[in-house]
Amino acid sequence: MEVGEGVSSATPTEEMNGTGNLMDFLDEPFPDVGTYEDFHTIDWLREKSRDTDRHRKITSKSKESIWELIKSLLDAWSGWVVMLLIGLLSGTLAGVIDLAVDWMTDLKEGVCLSAFWYSHEQCCWTSNETTFEDRDKCPQWQKWAELMTGHAEGAGAYVLNYFLYVLWALLFSFLAVSLVRVFAPYACGSGIPEIKTILSGFIIRGYLGKWTLLIKTVTLVLAVSSGLSLGKEGPLVHVACCCGNLFCSLFSKYSKNEGKRREVLSAAAAAGVSVAFGAPIGGVLFSLEEVSYYFPLKTLWRSFFAALVAAFTLRSINPFGNSRLVLFYVEYHTPWYMAELVPFILLGVFGGLWGTLFIRANIAWCRRRKTTQLGKYPVLEVIAVTGITAVLAFPNPYTRRSTSELISELFNDCGALESSQLCDYVNNPNMSRPVDDIPDRPAGPGVYNALWQLALALIFKIVITIFTFGMKIPSGLFIPSMAVGAIAGRIVGIAVEQMAYHHHDWIIFKNWCRPGADCVTPGLYAMVGAAACLGGVTRMTVSLVVIMFELTGGLEYIVPLMAAAVTSKWVADAFGKEGIYESHIQLNGYPYLDIRDEFTHRTLATDVMRPRRNDPPLAVLTQDSTTVEDVETLIKDTDYNGFPVVVSRESERLIGFVQRRDLTLAIKNARQKQDGVVSSSVVYFTEDAPQLPASNPQQLKLRRILNLSPFTVTDHTPMETVVDIFRKLGLRQCLVTRSGRLLGIITKKDVLRHMAQMMNQDPESIMFN
């Protein structure tokens with residue numbers, strides 16, 4: 001039987017045409033057959049089959065000569081070479097971005113006189129006049145007011161510094177949005193929703209291009225330095241995937257196979273998180289849990305290698321100057337106690353509620369941006385939000401500094417040498433203990449002052465992040481979410497610490513907190529709060545906990561982190577299953593079938609397939625009675641991605657399926673290269689040419705582009721099974737038959753529309769615009 005013969009539309013093993021005088025010009029494959037149009041979905045089965053054929057061909061050739069054997073070895077190693085290159089480039093770019101952000105963030109406040117390219121910290125490192133108490137002050141570093149007027153203190157100097165801070169912020173954000181708008185519109189946002197969609201098999205040309213890579217890298221530095229409430233972590237995943245796409249084009253194994261390319265991009269996403277947080281294992285788990293659609297074991301090993309190389313490269317550059325990979329390294333000197341699980345779980349609840357609030361408010365604002373006049377003025381929107389952010393951020397020392405520095409300070413434990421306001425406790429003059437183990441002490445005026453400022457910073461961050469994420473500049477969400485959680489966590493931590501100090505005879509503190517002991521570590525609460533809020537927004541669990549302990553080095557605190565992450569996910573899931581990335585995918589109408597969605601409705605394939613009752617009949621081709629003109633008319637009059645091929649219109653027996661793009665290219669190529677092909681030439685998909693009178697024009701054989709094994713289901717197949725097949729096999733379409741007769745077709749968009757309808761959503765919202 002014919003239907004079982006081939007596996008893919010482009011099998012090179014297909015037999016030659018039997019009739020001598022007719023040429024099957026497709027025996028010599030021509031460019032672009034088997035490729036895809038922009039904004040179309042790839043056919044995973046077809047790509048896998050093509051790669052198997054390519055591999056079989058290389059293996060059989062490798063036995064012929066030494067040169068072919070070397071070529072086959074190079075082909076086998078090309079995957080590891082690509083991973084090495086991705087790791088090196090993404091690590092280098094991350095290091096450069098980190099150094100540039102440090103310098104430009106400090107540039108808003110002042111400049112280093114000895115070397116203007118030094119950041120504040122580097123400037124004072126090199127100074128000989130720096131004291132330990134005033135390690136932030138050194139004569140080489142001058143604020144703008146001091147440089148211009150000679151006065152470092154006073155109202156005039158404050159106003160001038162304030163004005164220049166806002167001016168620099170506006171300049172950076174204006175440059176960022178202008179570069180994105182003019183050179184690479186795809187460089188905006190975090191990029192993770194689109195990466196998820198691309199990895200599920202959707203094609204967005206240019207999204208991972210060279211221009212996007214260049215502009216995203218430059219504008220990411222500008223956007224983060226402008227002081228907006230955004231992070232560089234999400235965009236670094238996009239940057240790493242751009243690196244992956246760039247190196248794919250060097251090897252035909254990846255450049256000509258969209259399925260193989262996606263394996264590389266999955267590993268590149270892992271390298272991106274590895275350099276964003278200095279968390280190589282967390283990166284691999286993030287790629288597996290959050291972004292990847294198809295993640296074979298081979299990709300797991302390669303992701304691990306890419307993440308390792310990227311982390312090693314970043315460590316060699318040492319952008320943080322602390323000889324560590326991690327951003328917020330912490331060393332706590334006390335264990336946590338069982339009773340503390342209660343506040344940790346409460347922080348988890350807060351994280352889940354904040355995640356839900358943020359997603360709903362941000363999606364509502366982004367929808368408003370898409371549907372109103374607001375979307376037409378992206379530059380003005382960015383300038384306005386930057387202006388408001390800078391004006392409100394400057395008076396509060398906790399919002400003025402970069403968000404990463406803020407989180408670092410909130411995570412810190414108060415040692416004897418800390419000069420931060422958060423560590424202004426009242427010291428007992430009789431205390432004679434080792435420096436590390438400082439007992440709980442009453443809070444001093446500095447701590448109370450800091451608490452007010454942190455409470456204001458929390459409200460400010462919660463509100464401003466809603467309006468910032470989704471603007472036309474590179475914007476990540478990890479760091480702002482962690483900041484919200486870290487502020488809330490630190491406030492809770494100080495409250496628990498003071499309760500334990502003043503009420504150590506209470507039953508909850510009695511067992512584990514003796515007077516004069518160091519019981520509560522407020523920095524740990526900040527760490528748990530950060531994990532809870534990040535989990536609430538993204539719905540990550542396993543990768544989140546691993547990223548957090550790699551990020552901080554706090555291996556001992558896995559249980560509190562797990563408790564908070566699970567609680568925040570439960571609470572957030574109670575209000576809606578989608579995380580922020582899935583919500584943005586829905587908002588943009590990308591055709592993404594989430595593996596985690598459950599389909600529980602009792603509908604059948606016949607309820608979803610097209611044509612419906614009152615629709616015109618299905619557009620099909622016959623195996624040996626359609627002319628070139630008929631095919632061209634069909635292509636012109638319809639916008640379908642492919643056409644079923646049947647024996648005849650009367651019998652409707654299914655033979656195979658042919659892609660629209662392949663058909664268009666084949667006819668165009670035949671008209672150019674094959675003599676005698678005219679509009680009245682018969683197109684046939686059978687092995688042998690049909691018997692026609694000698695006076696008929698040259699026939700055209702297109703069997704090579706016919707997929708002889710299209711995926712079919714019967715009309716009584718439950719939609720639950722159909723949805724599962726589409727998810728697990730990554731299908732573009734599947735044909736519906738009854739006893740071998742073609743009844744209709746179900747495409748991926750039909751499935752998504754039907755799922756939206758079943759959930760009482762607008763089915764047309766699925767259409768990508």
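This is a predicted model: local features need pLDDT of at least 70, side-chain atom pairs count only at pLDDT 80 or more; totals for chains, interfaces and linings use all residues.
Let me begin with the cysteines. How many disulfides does a search of the whole structure find? The search finds two, and I would like to take them in turn. In one of them, C112 and C123 are joined, with their sulfur atoms 2.0 Å apart, and the angle of 75° about the S-S bond makes this link right-handed. C112 counts as buried because its relative accessibility is 2%, and C123 counts as buried because its value is 0%.

The other disulfide joins C124 to C138, and here the sulfur atoms are 2.1 Å apart. Is the link of C124 and C138 left-handed or right-handed? With -75° about the S-S bond, the link of C124 and C138 is left-handed. This pair also links distant parts of the chain, C124 lying in helix 3 and C138 in the loop between helix 3 and strand 2, residues 141-143, so that the two are 14 residues apart. C124 and C138 are both buried. Two further cysteines deserve a mention for their burial: C248 has a relative accessible area of 0% and is therefore buried, and C533, at 0% relative accessibility, likewise counts as buried.

Let me turn now to the aromatic side chains, for which the count comes to 22 pairs. One of them is formed by W80 and F305, whose ring centres are 5.6 Å apart and whose planes meet at 75°, and because planes over 60 degrees apart count as edge-to-face, that is how this pair is classed. W80 lies in helix 2 and F305 in helix 12, residues 297-317, so the pair ties together parts that are 225 residues apart in sequence. As for the surface, W80 has 27% relative accessibility and so counts as partly exposed, and F305, at 24%, is therefore placed in the partly exposed class as well.

Another edge-to-face pair is that of W117 and Y118, with 6.2 Å from centre to centre and 75° between the planes. Are these two residues buried or exposed? W117 is exposed, because its relative accessible area is 54%, whereas Y118, with 28%, is partly exposed. W117 and Y118 also belong, together with W103 and F116, to one aromatic cluster.

I66, W67, L69, I70, L73, L74, W77 and V81 form a nonpolar patch on the surface, and together they have about 850 Å² of accessible area. To take one member, I70 lies in helix 2, which spans residues 66-107, and because its relative accessibility is 37%, I70 counts as partly exposed.

How values were computed: Residues are numbered from 1 along each chain as its sequence is written. Side-chain values use heavy atoms; hydrogens and water are left out. Patches are made of residues with over 30% relative accessible area and no salt bridge: like charges are joined within 9 Å, nonpolar side chains (Val, Leu, Ile, Met, Phe, Trp, Tyr) within 5 Å. Accessible areas come from the Shrake-Rupley method with a 1.4 Å probe; for residues, only the protein chains shown count as cover. A salt bridge is a side-chain nitrogen of Lys or Arg within 4 Å of a carboxyl oxygen of Asp or Glu. Helices (H or I, at least four residues) and strands (E, at least two) are DSSP runs, numbered from the N terminus. Buried means under 20% relative accessible area, exposed over 50%, partly exposed in between (1.4 Å probe, protein chains only). Rings of Phe, Tyr and Trp (its six-membered ring) pair if their centres lie within 6.5 Å; planes under 30 degrees apart count as stacked, over 60 as edge-to-face and the rest as tilted. A disulfide is a pair of cysteine sulfur atoms within 2.5 Å.
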